[in-house]
Amino acid sequence: MIKERLAELVAESSDGAVTADEVLAATVPLSALGVTSISMLRLIDAIESEFGVEFDLSDDGMGLLDDLDRLAAHLASTASR
Amino acid sequence: MSVTGPTPYVEFAGPGSAPSTGPPTAPLTWGQRAIWEAIVRTAPDDHYFNFGRVLKVPGSRTVAEVCAALAALLARHGAFRTRMSDPLRTTLAEPYQRLAEKGRLPVVVTTEDPDRVLDELAARPFDYFGEWPVRVALVLDGDRVAHVVLVFCHLAADGLGAEVALRDLRILLLRGPNVRRPAAPQPLDLARRQAGAEGRRAAQTAAAHWEREYRRIPPTMFAAFSTSSAPSGSPAGPPIWRALLRSPALELAVRSIAAEHAASTSTVLLTAVAELVGRFTGHETCAVLPISANRFRRDTTDIVATMSQEGLFTLDRREATFAGLLRAAGPAALRAYRSAYHDPADRNRITASVSAERGEPIHPYCCFNDMRFADPGPARCDPAEITAALAQTSVTWPMSQDKLNCRFCVHLTAEGVSLTADTRCLSRPGMERYLLELEALLVETALR
C-alpha cells in the first residue's frame, strides 16, 4: 500500500517524466530512471508532509530514497511507532 | 529611447491582503530578504539584479487591449503591487513590504528594438520604496503592439517567477482580461507562512546544515587582495569583470558525463566548478553557494515572487577521480538545495557566531547559478564530436563594474558558462584560465 502511494508521489513529483507503473516495475534506482534533483526535492517534500517524517539527507538517508521497498518499510515502521 | 505619443498608464486594482481582514503589510519573504541584503551590498551598482523578458504579443492587439491585460496581470499577482516600506517612518527595525490594492503603472510606448528597450529599462536601479517593481514598454508595429517588454525588480520575481508572469500575460492576451482561473499564490501569504510554525521547522533544518558546514569549511574560497594574483590589467579599470566561455564541446561533455553517471547536467557542472575552485586555491574542502529555485513545494511552484536563494554545497576533494566526486556530489547537492530554503536572519546569526568562534569571518564568496530554462539533459555523445567541437570555443568579456556582493560567481545560461569575479581575488588571465581548465576537465572526463 505505502509502496504504491510512494510510486504515485514519484510520478507527481517528476511531472509525469516517469509513471507510477514504471516506478513500481523498476529494478534500478530512481536517479537512473531520470528523476532529477528538483523532482527528488519535490518528492522529499511530499513524503515529509504526507507521512510526517523528516528526511536525513546523509548518504544513508539518500540510499533509502533510491530503494522504494526499503523506504516503504521504513515509513511503515515509523508510522507504527 | 524614442517614445511614441503620451505615456499611457495601466490603472490596476487587485485584492488586498488575504484573508482580507489582515494588514496589507508583512515581513519580507526569505527570498526577498536575501535579495535585499545583496542589493544593499551592491548599491549603487544594484541595477545588476534587474532583469527582463520580451513577450511577442499573440494575435493583433491595440495598446488599450494590452494595457487591460497588464492590469489583469497586476491584479492577479500581488508581487507587482508590492513595494518596500520605509523603516524610517515606522518603529519597525526591519524592512517590510506593503501591498497596494490599486495604483497606476506608467507604460512606455515605442517603436525601437525590444532588446534595446529592455537594456535601457534595466539600466538604472529601481526606487524600491517609491516605484512599482516592474517596468513595462510596448513596442508598436503600426498601430498594433508587437512586443511587450517587462523589466523586473528582483524583489518581485526571480527568473522562474518572471516565466509564470509571462505565461499568465500571454493567457490574458489570448483569452481576454476576464478569463476565470484559480487564484494565484501570493507573496504576503508566503511571508506569513515562513514566519509561522511550518516555516520555522524548515528553517531550523536548513540552519543546522549551515552551522555544521560553516564550522568545517575554509573561511573563504578566494581571499581578498590575494598577493598570488595580479590585479586587473588597468589600475583605473573597474575591479569586477565577467568572462563568458562559449563552448559547444563543454556542453556535449557535460551531457555525456551526466548520462554515464545518472546525474543531472547541473550537478555535473556544480561538481566541476567546485573541483576547479579547489585546484585554483588549494582547498581540500570547497564550499560553493548554488542558487536554488526553491520551487519544490506545492504552494510555491507557480508563485510570482523571488524564491531563489543560495544553498551551501560542500565538496571534499580527497576522492581522486571525477566519478568519485560526482557520487558524493549527488546527495551533497540535495542537502545544499534544501539549505537554500532558509531564513536569512538565521544565516546571518550563524555567520556571526561561527565567525566569532573561529576568530575570522566565514563566507565562501563563491556562487553558482544555473539559469538555464531548458536543460538539454543527459545524453551520450560521440567522443569525436566533442573533440571536433573544441575548435568553436571562445572567451569574451561582456561586462565590468565597480561593486559586487560576491567574489566569484559562475552563471550557466543558454549563451554558455560565465565567470564574474573580483579581479583583486582572481586576475583576468586567471579567470580565463579557470574557464578553459573547466572545459578541459569536463572534456577529458567525457572522453575517458
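Two residues are said to be in contact if their C-beta atoms, placed from the backbone, lie within 7 Å. By that rule, residues 24 or more positions apart account for 49% of the contacts in chain A with a separation of 6 or more. The structure is a predicted model, in which local features need pLDDT of at least 70 and side-chain atom pairs count only at pLDDT 80 or more, while totals for chains, interfaces and linings use all residues. Residues are numbered from 1 along each chain as its sequence is written, and chains are lettered from A and ligands numbered from 1 in the order in which they are written.

Chain A has five helices and zero strands, with helices (H or I, at least four residues) and strands (E, at least two) taken as DSSP runs and numbered from the N terminus. Read from the N terminus on, its elements simply go α-α-α-α-α. Because a compact globule of 81 residues would have a radius of gyration near 12 Å, the 12 Å of chain A agrees with that expectation. (This radius is taken over C-alpha atoms, and the globule rule is 2.2 Å times the number of residues to the power 0.38.) Along the principal axes, the C-alpha atoms of chain A fill a box of roughly 35 × 25 × 20 Å. Of its 81 residues, 33% count as buried, where buried asks for 20 or more other C-beta atoms within 10 Å of the residue's own, exposed for 12 or fewer, and partly exposed lies in between, again with C-beta atoms placed from the backbone.

Now for chain B. Its domain assignment gives domain 1 (9-194) and domain 2 (197-447), with bounds that come from an automatic or database domain assignment. The centres of these two domains, taken over C-alpha atoms, sit 29 Å apart. Where the domains touch, domain 1 of chain B puts in 32 residues and domain 2 of chain B puts in 26. On the domain 1 side, helix 1 (30-42), helix 4 (159-175) and helix 5 (187-195) of chain B each give two or more residues.
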